[in-house]
Amino acid sequence: MKLTAPRGMNDVLPDDAPAWLKLEQAVRDACRRFGYEEIRTPVLEHTKLFQRGVGETTDIVEKQMFTLSAREEAEEDTLTLRPEITAPVVRSMIEHDLLKQRGFWKLYYFGPAFRKERPQKGRYRQFHQFGIEAIGAKEPLVDVESILLFAEILRSVGVEKFEVRFNSIGCETCRPAYRDSVQKAARSKLDRFCPDCKRRIDRNILRLFDCKIEGCKAAAKDLPSIKLCGPCADHDQRIRRSLGSSLPLRVDPTLVRGLDYYTQTVYEFASPLLGAQDALGGGGRYNNLVKELSGGEYDAGAVGFAAGVERVLIAMEASRGAPPEPPGLDFYAVAVDESQRQALFGVVSRLRAAGLSGTMDFEGRSLKAQMRSADKLRARVAVILGPDEAARGVVKLKNLRAQGDAREQEVKIDDVATKLRGA
Ligand code: HAM
């Protein structure tokens with residue numbers, strides 16, 4: 001059997017890696033400028049975390065989790081590959097009592113997540129998310145800041161074509177009446193919904209808005225919108241006023257998002273540069289999750305988003321055309337014959353210790369083949385050592401980016417690093 005990566009899980013090959021690095025650096029840079037600190041959590045968590053955090057009746061928990069039955073784990077205590085990173089971050093904050101040290105934390109992450117979905121362009125079983133979580137404040141300006149940071153990251157990597165879908169799904173005061181009214185309206189046109197949605201009407205009514213089936217989408221458009229309570233309406237207005245026209249904002253009363261922890265603000269960044277999976281990322285406020293996961297020990301308002309790295313990369317490529325060139329090497333060291341290999345390895349080590357990047361041939365190949373490798377790896381200079389040079393304590397430097405006579409010169413081994421740094 002030919003060995004392949006598991007379905008929906010991709011390799012990032014060297015040619016693709018520079019674009020990943022560019023995005024990761026842009027994320028880190030923007031997060032740092034906005035005052036966010038990095039957090040890293042394990043890829044495996046207790047399954048219960050997602051059942052309680054994301055919600056038992058969400059698609060993610062019902063259908064999409066990779067759950068391991070590690071033998072030492074009790075039946076009811078299995079481990080799951082994280083399908084998202086918000087619940088793990090909140091779990092970590094509670095476990096390490098971070099909120100006792102400081103009342104407000106701004107955290108970011110960049111890493112893999114896993115969902116057992118049917119793979120297609122922009123939808124994978126192992127994908128990557130970068131995201132932020134601002135935990136400990138209910139102030140609407142934090143929601144605004146999270147949206148501006150997302151936009152800032154996209155723009156910094158050249159993705160300008162996006163729209164922000166925005167909605168408020170209220171709180172425990174206004175949502176029950178909303179749920180009731182949607183339930184009543186949906187029951188009155190039951191035959192327009194698919195069997196899954198019919199189940200959702202009783203189990204988790206707002207999931208009705210997530211159904212991807214055309215008939216259900218059309219029926220959902222006719223369902224009532226939420227009537228926000230005073231504080232939620234105020235929160236919503238302050239965000240919209242503060243964002244003003246700085247972003248292409250589209251208020252979408254049917255946006256509820258696929259996770260149960262949201263309160264008030266929800267938003268999604270969508271781009272026409274993507275195909276059917278057009279969400280670059282999404283997020284919102286989750287004022288009850290910390291309380292819920294800490295069993296009431298902590299109560300902290302929070303807001304955040306996560307973006308799909310692979311999807312942002314698709315949008316980057318569509319925005320730019322050519323992906324960034326992989327970085328070259330400062331040097332490639334070439335042994336004229338086998339007897340110089342050991343000495344050359346010493347030269348290579350010295351150059352690296354001086355902060356230069358480079359490598360050498362380890363396959364005993366001909367001079368010509370070594371020079372070809374130097375080209376392929378985009379080395380700036382070939383450092384050539386033959387028996388004659390070795391005897392005199394020198395190497396030949398050949399500048400691979402210059403033409404004509406200026407290309408070659410002899411340099412003492414002790415001076416190579418200085419020469420290469422200056423070149
Ligand atoms: P989410 O909408 O489930 O939210 O995922 C965020 C983003 O991850 C999606 O918009 C998409 O770009 C990407 N994504 C999700 N599933 C896949 C997949 N199978 N393949 C490729 N990309 C995918 C969350 O995960 C929340 N934790 C966001 C959040 C943070 N809310 C508050 N804080």
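Predicted model: local features only at pLDDT ≥ 70, side-chain atom pairs only at ≥ 80, totals over all residues.
Figure 1. The rings of Phe 345 and Phe 362 form an aromatic pair. Phe 345 sits in helix 13 (residues 341-353). Phe 362 belongs to the loop between strand 13 (358-360) and helix 14 (367-376). The two residues are 17 residues apart, and the pair links distant parts of the chain.

**Figure 2. Two domains of the protein chain.** Domain 1 is built from two segments, 17-174 and 226-318. Domain 2 covers 331-422. The centres of domain 1 and domain 2, taken over C-alpha atoms, are separated by 49 Å.

**Figure 3. Aromatic rings of Phe 130 and Phe 305.** The model holds 10 aromatic pairs. One of them joins Phe 130 and Phe 305 edge-to-face. Here the distance is 6.4 Å centre to centre, with 85 degrees between the planes. Phe 130 lies in strand 6, and Phe 305 lies in strand 11. They are 175 residues apart, so this pair too links distant parts of the chain. Phe 130 is buried, with a relative accessible area of 1%. Phe 305 is also buried, at 1%. Both values count as buried because the cut-off is under 20%. Ring pairs link Phe 130 and Phe 305 into a cluster with Phe 110, Phe 150, Phe 162, Tyr 267 and Phe 269.

**Figure 4. Polar atoms around the ligand.** A polar side-chain atom of Glu 133 is 2.8 Å from a ligand nitrogen atom. An N or O atom in the side chain of Tyr 262 lies 2.6 Å from a nitrogen atom of the ligand. Leu 280 takes part through its backbone: a polar atom there is 3.1 Å from a ligand oxygen atom. The ligand alone exposes 660 Å², of which the protein buries 96%.

**Figure 5. The shell around the ligand.** Strand 6 (126-135), strand 10 (279-285) and strand 11 (302-308) each give two or more residues to this shell. Strand 10 gives the most, with 6 residues. In total, 27 residues surround the ligand. The closest are Glu 84, Thr 86, Glu 117, Glu 133 and Tyr 262. By class, 11 residues of the shell are nonpolar, 9 are polar and 7 are charged.

Methods. Residues numbered from 1 in each chain as written. Heavy atoms only, no water. Domains from an automatic or database assignment. Near = heavy atom within 4 Å. Polar contact = N/O pair within 3.5 Å; in protein donor to acceptor, adjacent residues only side chain to side chain. Areas by Shrake-Rupley, 256 points an atom, 1.4 Å probe, with all protein chains shown as cover. Helix = DSSP H or I, 4+ residues; strand = E, 2+ residues; numbered from the N terminus. Nonpolar A, V, L, I, M, F, W, Y, C, P; charged D, E, K, R; others polar. Phe/Tyr/Trp six-rings, centres within 6.5 Å; stacked < 30°, edge-to-face > 60°. Buried < 20%, exposed > 50% of the residue type's maximum accessible area, 1.4 Å probe, protein only.
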